[in-house]
Amino acid sequence: MGAPGSPTDDTELVSRVQTGGQDAFAELVRRHHAWVLGLCAATLGDRTAADDAAQEVFLKAYKSLPRFKGGSSFSTWLHRIAANHCLDLLRSRARRKTESWDELLENEGEHIIRLLAMPPDEEHGLEDADLVQRVLTCLPPDYRMVLTLREVQGLNYDEIATAMDCSLDSVKARLQRARRDFAECLRHFLEPLNV
Amino acid sequence: MKDRETDEKLWTRVVAAFLRIPTRPSSLETEAFVSKVMARLERPAPAETPWFATGLRWLVPTVSFALAVSALLITRPDPMLTPPEDIALLADGAGVSPQASSPTTDDLVAMVMER
């Protein structure tokens with residue numbers, strides 16, 4: 001709850017930024033930092049890269065704010081900027097990808113089984129976190145993004161469609177394919193856990 | 001139906017292993033982040049390079065090359081106007097007879113008078 005006279009919603013903060021109030025932007029950054037960083041960290045893995053990416057996202061948002069008309073919520077609009085920025089970074093990483101999915105599964109099979117069997121509340125060690133990133137790097141950038149927005153950020157289909165600038169049907173199809181392909185790649189390791 | 005449930009269960013495991021929610025930043029981290037972003041906003045934008053300055057990057061070598069080519073063309077003698085060196089040498093020597101000169105008016109008058 002804001003103090004009397006202080007802005008209580010994003011719309012008011014946005015209009016203050018649009019009329020030259022830079023302080024209001026600091027408040028917007030403060031409010032949305034956690035999830036923007038979370039999205040960048042979930043898609044890019046590396047925390048330092050995620051921090052840099054989150055800064056870029058806010059700088060891009062600041063530059064584009066004069067053109068923001070309020071057709072969607074500020075948060076959804078910011079999701080689109082963040083998703084686009086992270087997708088660009090993922091695509092440029094994918095171009096210099098060296099490890100194939102088959103190589104990874106062959107070399108790290110036992111570690112993957114251990115990771116899948118781990119209780120959800122158990123902390124990942126450094127090696128686990130590294131393996132998670134290597135596994136996720138093998139996914140196409142679009143799939144990784146749609147899975148992150150749905151499973152990590154908890155967005156609904158409409159919000160994902162706005163963030164990824166595509167139709168609702170396209171979101172559903174992509175999400176279904178991403179889940180199916182990812183599970184298919186891990187089927188060999190998942191079957192023993194099913195017994 | 002059972003297959004669907006199994007798939008759901010397996011997918012939950014995949015999400016728990018690979019798609020975890022990252023730890024939330026502390027309020028201190030958020031404040032440090034806000035300061036960094038605001039500092040970058042206040043930093044003056046790099047001065048825009050005028051179009052002719054960016055053009056000069058390729059214009060300078062291009063103009064230099066064009067000048068060099070022009071200078072070469074001007075200083076180089078036209079091969080159509082000057083005979084090759086070996087022919088000129090032969091012309092000076094005895095190997096080639098000098099070109100017969102055309103008869104002058106005096107020669108013609110002399111020929112008429114003779115007849």
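This is a predicted model: local features need pLDDT of at least 70, side-chain atom pairs count only at pLDDT 80 or more; totals for chains, interfaces and linings use all residues.
How many residues does the largest nonpolar core have, and which of them have the most contacts inside it?

**View 1. Chain A is built from helices, with 0 strands.** Of the 195 residues in chain A, 32% are buried. Look at how the chain meets itself, too: among contacts between residues at least 6 apart in sequence, 63% join residues at least 24 apart.

**View 2. Here is the largest nonpolar core, with its 53 residues.** The ones with the most contacts inside it are A:Val36, A:Cys40, A:Ala54, A:Ala82, A:Cys86 and A:Val146. Helix 2 of chain A, residues 22–44, hands over the largest share of this core, at 11 residues.

**View 3. Now zoom in on A:Val36, one of the residues with the most contacts inside the core.** Set aside its neighbours within four places in sequence, and A:Val36 is in contact with A:Ala54, A:Val57, A:Leu78 and A:Ala82.

**View 4. This is where chain A touches chain B, with 32 residues from chain A and 22 residues from chain B.** On the chain A side, the elements giving two or more residues are helix 2, helix 3 (47–64), helix 5 (101–117), helix 6 (126–137), helix 7 (141–152) and helix 9 (168–194). Helix 2 brings the largest share of that side, 10 residues. Sorted by kind, the chain A side has 23 nonpolar, 6 polar and 3 charged residues.

Note on methods
Residues are numbered from 1 along each chain as its sequence is written. Chains are lettered from A and ligands numbered from 1 in the order in which they are written. A nonpolar core is a set of buried Ala, Val, Leu, Ile, Met, Phe, Trp, Tyr and Cys residues joined through C-beta atoms within 7 Å. A residue is buried if 20 or more other C-beta atoms lie within 10 Å of its own, exposed if 12 or fewer, and partly exposed in between; C-beta atoms are placed from the backbone. Helices (H or I, at least four residues) and strands (E, at least two) are DSSP runs, numbered from the N terminus. Two residues are in contact if their C-beta atoms, placed from the backbone, lie within 7 Å. Ala, Val, Leu, Ile, Met, Phe, Trp, Tyr, Cys and Pro count as nonpolar, Asp, Glu, Lys and Arg as charged, and the others, Gly among them, as polar.
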